[in-house]
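Please look over the model below with these numbered points beside it.

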Amino acid sequence: MSYQCSVFSIQCSAFSYQFVIPTVLKFSRERTTRNFLLLFFSFLFSTTFSQTKTINVCATCDVKTIKNAIKIAKDNDTIFVKKGIYKEHKINVNKAIHIIGEDYPILDGENKTESIFAIKAANFSISGFHFKNVGMSYTKEIAAIFISKSNNFVIKDNKMDHVFYGFILQRTKYGLLQNNKILGESKTEATSGNGIHLWKCENMRIEKNLVSGMRDGIYLEFVTDSHVSHNTSIKNVRYGLHFMFSHKNEYHHNEFKRNGAGVAVMFSKFIKMHHNTFHYNWGTASYGLLLKEINDAEITDNVFEQNTIGINIDGCNRITYKNNHFIRNGWALKFTGGCYTNLFEYNNFMHNAFDLSYNSRLNDNKFEANYWSEYNGYDIDKNGIGDVAHRPVKLFSYVVNKTPETLVLLRSLFVDIINFSEKVSPVFTPDNLKDEKPLMKPINPLE
Amino acid sequence: MLKILKYSIFDLLRSRWSYVYFIFYLLLGFVLLFLNSDINKAVITLMNIIIVLTPLIGTIFGVMYYYNSKEFTELLLAQPIKRSKIFMGQYLGIALSLTLSLFLGLGIPFVFYGLFKSAAIFDFSLLIVVGSFLNFIFVALAYNIALSTENRIKGFGYAILMWLFLAVIYDGIFMISLIMFNEYPLDKFSLIATMFNPIDLSRILILLKLDISALLGYTGAVFKDFFGTNFGFIISMFILFLWVFLPVLRMKFKLKKKDF
Amino acid sequence: MISIKNLHKKFGKLTVLDGLDLEINKGGIFAILGPNGSGKTTLIKCLLGMVIPNKGEIKIDDKSVLNKWEYRNNLNYLPQIANFPTNLSVSELINMVKNLRPKQANEQELIDLFGLTPFLNKKLGNLSGGTKQKVNLVLTFMFDSELIILDEPTTGLDPIALIHLKELIQKAKTNGKTILITTHIMSVVDEIADEIVFLLDGKIYFKGSVTALKKQTNQTNLEHAIAELMS
């Protein structure tokens, strides 16, 4: 830490008269990553060393509204908004300024069909506000914070409730959304908006946000080279996270819990997903993770627990699944389309009703060295690898695929008997779909 | 009747088989909890065993007790006691002592491993309730078969067949008909077919509380709506009760005409 | 005492009782005889309510007994095969039967008579056939009832016990009880029976005293008299 501070102190001395400082100091304490430092270096180079000023906004101040404050502000100025209620909307930001709320001043949109902030700028930041009452519209995209064609910005430490959309970002680059809390009470998909909605963005970072009770927790469409990490997305009406046509992104250390349908990642390439937790997405058509038309992804170190379907895999190729935990799901893996050259290794499949289900040819996929709690082979040479191969597809799972209604017979003696006989002499299930090296003990057991 | 009940239980509790049964459940409970100290998983494994084994043991005990105590029953019949009371007493005696074995055999290890601190207590209670129902149902069915069959070998055969049918064959027919009539809406059929087999009904009741509830959405809304609600739960319990009540009623009816 | 009218019983296609009429007066020993399968046991079981007749009426003391059970309180029955629950001990069984009948019992006297004291705490499953039959007798005779029905009471008894049994029967007779006996031991019948009821093909073929039977058949020996009846 001291080392980091000393590095920063150089910056600090150079920037002592800059408004970014409170923000910078806070970040330095939070062990930001290298990438994040880069972002601030970009601030360093984009800002000039001119004299800047501070504007205070409050009910008894000279400047009483944020709009007025912005009007008189110049690039690199800082606006401090004191505690209070500000009934403003359609606040346009078009300068490189920093707007900081103190003790969460409330920005009340009074349910008007306008965004509270509408931003088109570079090198700005907004933090510490409590957004409320953003009206709903079927025709307009309205959010607490609406940003378009902007770059190099930080939006952090805000709270939002009763907002139609939390954030809408369009065509932005190098932005950071951090530590925002968006809490909705949505009931239906049609009448609700997304928590964080990104469209055509690049190099974005979405970190440590909490989104709950919205339509989609986090929605990304045509977003590239971005990181989504350490977010919590719970109880959203549709998806916890929704990815569309968004390549080369990485999301990790997120938690997705009790969302309507889970997390959907669609039509995207080169995605890395790791250390995420998908749990309790437990409903008729729910899944932990839906992968549709995903190629060349890496899915590692995730936990899928008690989802109706752990991962629903539809037309996905060249994906590596490693070190994932599938615990007590209805189906751990359900393949619903042609999938080729996928590799599953060192995963734990524990106590799922079905480990694997598929409805097309799966022979080009490789299952090797996974732990299957259903495996009942032996290990005579004590090398930790079972001496007989494990067949993860049960006859019953094949039957359920053909006739879903037969699911009512789950765990009946008859089903056990047919599964056993199929295991002894496979007739319906593919002969080559098996794990030749099943592990005797789970990998990295969770605490 | 209470006197007969008392003596039947007394008699059964001192027979070797009650202890074997009790110790079996006791060991099962301890082994399951010892192997994985997660009570939830133990409950799932227990369910698999209970829905198959309780009916089998109930059937065998029922038939066996009836035939073995036939002469004694005749002695009782010559006493000034109403016929139906003798048999009700015996029936309740068997069903209760089996239930007691189940309850204590599983209860002791679970209490030992901190059941009361666990959320699984409801699942466990449901398991015990359903297991008890199955005991009462299958002892009643076995008694019906024994009452209608003089020959004890035949009686045993029919009873085992009855168990085999309800535990395995029924589900086989059920599955085949579901597959064959794939194109038709099958929700209601499944629902009704489940009701007609106490083993299936018990299984579904437990599974709904454990892991199937969401999966059942796949089989159609009717099924899920029915079993997913308190109403469905109450109806299911009521049907289980009917499964006890109707065989007992037939027993009484049969007894009126039965010669000894 | 007992009045049976037009009693019919079929087991499947087999007619066992075919319009049987029987009147038995109070007091005395009645031997119910007949070849195997003549319906003796069925008749007794009808009386006991264990077999339900297809047709007919049975009255004891002018009250119908069909589908009733209270009358059995005044009736003692000794079943043919004494097969008791194997887990109970002798005293437990005796106490249990006592418990089931709201009546005074004098079991101690009988236990002493048959010398059963050493067996009281033994399990019934471990007893010999004769001892079981003694227990059976205790259970039958320990209550004071107007009607006593004995189905093959002599089975497995040693001579001493047999003497005690005959004494018991005689004593009951002197006390004015009605006793029905089925047996194949003709000497016993000859010795104690006041009247013989002979059953054949589900009907009463003969009813009367031993002397009357001998007279009718011109035989001096009871066994021969019976054989004569059947021919």
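1. The contact between chain A and chain B takes 25 residues from chain A and 30 residues from chain B, where two residues are in contact if their C-beta atoms, placed from the backbone, lie within 7 Å. On the side of chain A that touches chain B, the elements giving two or more residues are helix 5 (395-402) and helix 6 (413-424) of chain A, and helix 6 of chain A gives the most, with 3 residues. By class, this side of chain A has 12 nonpolar, 9 polar and 4 charged residues; Ala, Val, Leu, Ile, Met, Phe, Trp, Tyr, Cys and Pro count as nonpolar, Asp, Glu, Lys and Arg as charged, and the others, Gly among them, as polar.

2. This is a predicted model, in which local features need pLDDT of at least 70 and side-chain atom pairs count only at pLDDT 80 or more, while totals for chains, interfaces and linings use all residues. Residues are numbered from 1 along each chain as its sequence is written, and chains are lettered from A and ligands numbered from 1 in the order in which they are written.

3. The contact of chain C with chain B takes 22 residues from chain C and 19 residues from chain B. Helix 1 (40-48) and helix 2 (90-100) of chain C are the elements that give two or more residues to the chain C side, with helix 2 of chain C giving the most, 4 residues. That side of chain C has 14 nonpolar, 4 polar and 4 charged residues.

4. In chain A, 12 strands form an open sheet with parallel pairing, in the order 4-7-10-13-16-19-22-25-28-31-34-37; helices (H or I, at least four residues) and strands (E, at least two) are DSSP runs, numbered from the N terminus, and two strands pair if DSSP finds at least two bridges between them. Strand 4 (91-93) and strand 37 (354-358) of chain A stand at the edges with a single partner strand each, so one side of each lacks a neighbour in the sheet. Within chain A, strand 10 (residues 143-148) and strand 13 (residues 165-170) pair in the parallel sense over 5 bridges, and Phe146(A) stands opposite Ile168(A) in strand 13 of chain A.

5. In chain B, the axes of helix 6 (residues 121-148) and helix 11 (residues 230-257) come within 9 Å and cross at roughly 25 degrees, the axes being lines fitted to C-alpha atoms over the stretch in contact, with angles running from 0 to 180 degrees between N-to-C directions. Helix 6 and helix 11 of chain B are therefore roughly parallel to each other (angles under 35 degrees count as roughly parallel, over 145 as roughly antiparallel, 65 to 115 as roughly perpendicular and the rest as oblique). Residues making this contact include Phe133(B) and Phe136(B) of helix 6 of chain B and Trp243(B) and Met251(B) of helix 11 of chain B.
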